[in-house]
Amino acid sequence: ALKELPRAKVQLATKFGIMRLEGGKPAVKGTPEYVRQACEASLKRLGIDYIDLYYQHRVDPTVPIEDTMGELKKLVDEGKIKYIGLSEASADTMRRAQMVHPITAIQVEYSLWTRDIEEDIIPLCRELGIGIVAYSPLGRGFFGGKAVVEALPDNSILPHWPRFTGENLEKNKQLYDRLANLAAKKSCTPPQLALAWLLHQEDNIVPIPGTTKVKNLHNNLGALSLKLTEEDLKEISEAVPIDGVAGERDADSVKQYSRKFASTPKKCTSNSNGRTKEQLRGFWNQQTPVFIDTAEAIEAKNSRKRKQDMDNAVATVRSIRDVPPAHYSLKLTSFSLFLNADIGNYTSRVFEAGGYKWKLCVHPNGNEKMNVGRHISLYLVIADTETLPPGWEVNVNFKLFVFDQIRDKYLAVQDAEGDPANNIYTWRIEKFSATDQVDIRSDEFVVGGSKWKLRIYPKGDSSVDGKWLSFYLLLAGRKTLPFDRKIFAECKLRVRDEVYGNHSEKEDLSSFDVKIDNLFEDGAGDVDGVDASYG
């Protein structure tokens with residue numbers, strides 16, 4: 001069938017991880033060697049070059065999930081699989097797996113009478129952006145009428161399942177009758193209503209009802225056209241209450257492989273175990289991470305010194321806002337796991353802004369070189385510096401945003417140019433050499449209790465006839481000052497020459513008067529004599 005269709009039109013999913021031992025007893029295996037062996041065997045049997053979605057059928061409780069995922073990641077890098085899925089994995093295992101490589105889908109049992117994933121798996125998938133593939137969405141056929149309106153086949157394994165035996169089955173038949181009554185009111189069948197209820201729970205849920213009959217397939221597809229209100233969903237849920245379901249979900253023979261009993265052992269290694277720093281940073285660039293959860297490591301982390309006063313730190317302004325950043329966003333999924341993985345820092349992909357290339361660098365536990373602990377250090381880093389001329393300096397005005405998920409707010413951090421540290425104000429003009437403006441004025445800033453602005457003529461004012469640039473300090477807000485007020489200001493104006501890496505500057509002591517015939521902004525402390533063509 002695959003050979004009769006264009007491969008790109010087919011989305012193929014398959015699994016690995018369950019073996020049959022002698023005597024037919026199942027066993028779960030997730031070692032790296034077996035992962036590769038199973039994948040290559042499937043490719044050969046199917047006669048294809050790659051698998052779209054490759055699931056670990058059940059989690060191997062004897063192998064750290066990091067080892068299994070590490071090999072799956074290699075298969076992705078080699079082009080043998082495109083996406084990775086898990087099946088019946090615990091929330092903890094899913095979080096740890098996500099740190100090695102993004103999980104595309106998790107296959108779990110979810111239906112009207114099996115809803116335990118609503119407690120942890122559904123919120124986690126919503127957080128991490130993982131799709132949910134719901135198997136047995138009709139309760140292993142129960143809400144399709146199995147063992148209720150039709151007898152079970154002689155070769156069925158369902159009589160071994162607690163919910164299909166004895167008194168449990170008789171009690172559960174009442175649940176089917178309630179659902180059937182609601183379906184009649186909606187002019188649909190019980191399986192259609194059960195599937196429609198599931199489809200209305202989350203946008204990322206894909207039910208996979210198994211069927212061997214074409215008529216049942218068409219019947220199931222009818223669930224897609226059903227529209228349910230919040231009142232409808234509540235009524236259906238109450239008709240099949242969880243506490244009203246009789247019997248456990250799984251048979252004793254497979255219970256040990258369900259997600260509640262299938263957590264994998266922790267990956268406990270140290271940085272000296274042959275791992276490079278690049279590998280330790282591999283949470284987001286998809287290299288294999290190393291986890292340190294020894295008592296010594298935890299104690300070392302907790303005992304890091306916290307910087308109380310950072311000498312020579314740049315003054316910053318912090319604010320809270322609802323609006324997200326407009327230019328570039330770096331999303332760190334499961335940041336808390338990233339925080340606990342003892343990864344020094346992570347650098348984002350390169351992005352462009354203002355004609356230059358940049359990266360964001362995050363230190364989840366603070367920048368150790370700055371002796372900062374129990375804080376997040378976030379930096380804007382210029383990329384591809386080797387393409388810039390020698391001595392070139394790029395000045396940039398930017399804001400950094402950190403999203404607070406608890407308060408649903410953004411913390412915005414920027415240089416405190418509106419509140420200069422040590423009475424110093426820095427004004428940066430992007431692409432200055434290309435400007436055609438006659439004059440440019442800065443934003444207001446406060447120094448010494450007064451408001452000021454800077455004014456620059458890129459090609460000089462009229463007195464220098466376009467040969468030099470002219471630079472002035474202006475007293476702002478004169479109209480708000482008392483009449484006959486005189487302000488004296490000692491200032492130093494400095495202009496950086498980015499070509500030669502030096503500065504032109506001038507110190508000046510100027511007075512600013514407030515008079516009736518002079519209620520406009522006068523300049524003082526001008527700097528002339530800088531060749532405007534250099535920028």
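Me: Is E88 buried or exposed?

Reply: This is a predicted model, in which local features need pLDDT of at least 70 and side-chain atom pairs count only at pLDDT 80 or more, while totals for chains, interfaces and linings use all residues. Residues are numbered from 1 along each chain as its sequence is written, and side-chain values use heavy atoms, leaving out hydrogens and water. Buried means under 20% relative accessible area, exposed over 50% and partly exposed in between, with a 1.4 Å probe and protein chains only. Because the relative accessibility of E88 is 1%, E88 counts as buried.

Me: What is the phi of E88, which is not a glycine?

Reply: E88 sits in the loop between β5 (81-87) and α3; helices (H or I, at least four residues) and strands (E, at least two) are DSSP runs, numbered from the N terminus. Most residues other than glycine have a negative phi. E88 is not a glycine, yet its phi is positive, at about 55 degrees.

Me: What is the C-alpha separation between A262 and T62?

Reply: A262 lies in the loop between α8 (230-239) and α9 (277-280). A262 counts as buried because its relative accessibility is 1%. Setting aside neighbours within four places in sequence, A262 is in contact (heavy atoms within 4.5 Å) with V59, E88, T93, Q256 and Y257. T62 is 200 residues away along the chain, and the C-alpha atoms of A262 and T62 are separated by 9.1 Å.

Me: How are the axes of α3 and α4 arranged, roughly parallel or roughly antiparallel?

Reply: Two packed helices are described by the angle between their axes and the distance between the axes. Axes are lines fitted to C-alpha atoms, for helices over the stretch in contact, and angles run from 0 to 180 degrees between N-to-C directions. Helix α3 (residues 91-98) and helix α4 (residues 121-128) have axes that come within 10 Å and cross at roughly 15 degrees. Angles under 35 degrees count as roughly parallel, over 145 as roughly antiparallel, 65 to 115 as roughly perpendicular and the rest as oblique, so α3 and α4 are roughly parallel.

Me: How many nonpolar, polar and charged residues make the contact of α3 with α4?

Reply: From α3 come A91, M94, R95 and Q98, which meet I121, L124, C125, E127 and L128 in α4. Ala, Val, Leu, Ile, Met, Phe, Trp, Tyr, Cys and Pro count as nonpolar, Asp, Glu, Lys and Arg as charged, and the others, Gly among them, as polar. By class, the contact has six nonpolar, one polar and two charged residues.

Me: Is the crossing of α1 and α2 left-handed or right-handed?

Reply: The axes of helix α1 (residues 32-46) and helix α2 (residues 65-77) come within 8 Å and cross at roughly 35 degrees. P32, V35, R36 and C39 of α1 make the contact with D67, T68, E71, L72, K74 and L75 of α2. A crossing is left-handed if the near helix is turned anticlockwise from the far one by less than a right angle, and right-handed if clockwise. The crossing of α1 and α2 is right-handed.

Me: How many disulfides are there?

Reply: C39 counts as buried because its relative accessibility is 0%, and C188 counts as buried at 13%. A disulfide is a pair of cysteine sulfur atoms within 2.5 Å. By this rule the number of disulfides is zero.

Me: Which helices and strands do the buried residues of α6 pack against?

Reply: Nine of the 10 residues of helix α6 (residues 190-199) are buried, so α6 is largely enclosed by the rest of the structure. Among these buried residues are P190, L193 and W197. They pack against β7, α5, β8 (205-208), α7 (214-221) and α8.

Me: To finish, what share of the chain counts as buried?

Reply: The chain holds 12 helices and 22 strands. Of its contacts with a separation of 6 or more, 64% come from residues 24 or more positions apart. Out of 535 residues, the share that counts as buried is 41%.
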